[in-house]
Amino acid sequence: MNFSPKTLLAAAGLLAVLGAQAQQLPAGAPAGTTVQCKDGSFASPDTKSGACRGHKGIQTWYGKADAKPAAAPAVAAAPAAAAPAAAAAAAKPARPDPATMAAAPGGGAGKVWANDETKVYHCMGDRYYGKTKKGEYLSEAEAKAKGMHASHNKACTG
């Protein structure tokens, strides 16, 4: 069989990744251990994500690959500057930008947007005015009567 140099390079990269993951457990580690935390404790999670939360982080990962298989190194990779931006975009779903959202109908002079979930009210001109998922327009006095407080504790003017 003939393998292209690209195929051989990708296979070598995958073997290097797998070899780096396979480390010997220390003596005294419980059976099935996949991680040792920095505080010396051992755990057996399926993924690294959050494995040693509350234990000062991961000291050594011993076993199972993460649930998502590691991608083989790309031979013809995209520009390096694009990779971090793409990874950051994939890590979190994008939040809508309040500046580009349309405010809920019904606001106006003398009204605040009262967010029912957070118990915070937003003044006219505030970036969240009429734009949170749950809320209603009220007078500032009505919002205060319902136990709400002004965003950043700044009362509305005018």
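Reply: Let us begin with a definition: a residue is buried when its relative accessible area is under 20%, exposed when that area is over 50%, and partly exposed in between. Please keep in mind that this is a predicted model.

Me: Why is the link of Cys-123 and Cys-156 called a disulfide?

Reply: A disulfide needs two cysteine sulfur atoms within 2.5 Å, and the S to S distance for Cys-123 and Cys-156 is 1.8 Å, so the pair is called a disulfide. Cys-123 lies in the loop between β5 (120-122) and β6 (136-138), whereas Cys-156 lies in the segment after β7 (149-150), so the link ties together parts that are 33 residues apart in sequence. Cys-123 has a relative accessible area of 15%, which means that it counts as buried.

Me: How do you know that Cys-37 and Cys-52 are joined by a disulfide?

Reply: Their sulfur atoms are 2.0 Å apart, and because the cut-off is 2.5 Å, the pair meets the rule. Cys-37 belongs to strand β1 (residues 35-37), while Cys-52 is in the loop between β2 (42-43) and β3 (58-61), so this pair, 15 residues apart, links distant parts of the chain. Both cysteines are buried, because the relative accessible area is 1% for Cys-37 and 5% for Cys-52. By this rule the count comes to 2 disulfides.

Me: What makes Lys-146 and Glu-136 a salt bridge?

Reply: Side chains of opposite charge can pair when their charged atoms come close. The rule asks for a side-chain nitrogen of Lys or Arg within 4 Å of a carboxyl oxygen of Asp or Glu, and the closest N and O atoms of Lys-146 and Glu-136 are 2.8 Å apart, so the pair is called a salt bridge. Lys-146 is in the loop between α3 (140-145) and β7, and Glu-136 is in strand β6, so the bridge ties together parts that are 10 residues apart in sequence.

Methods
Residues numbered from 1 in each chain as written. Predicted model: local features only at pLDDT ≥ 70, side-chain atom pairs only at ≥ 80, totals over all residues. Heavy atoms only, no water. Helix = DSSP H or I, 4+ residues; strand = E, 2+ residues; numbered from the N terminus. Buried < 20%, exposed > 50% of the residue type's maximum accessible area, 1.4 Å probe, protein only.
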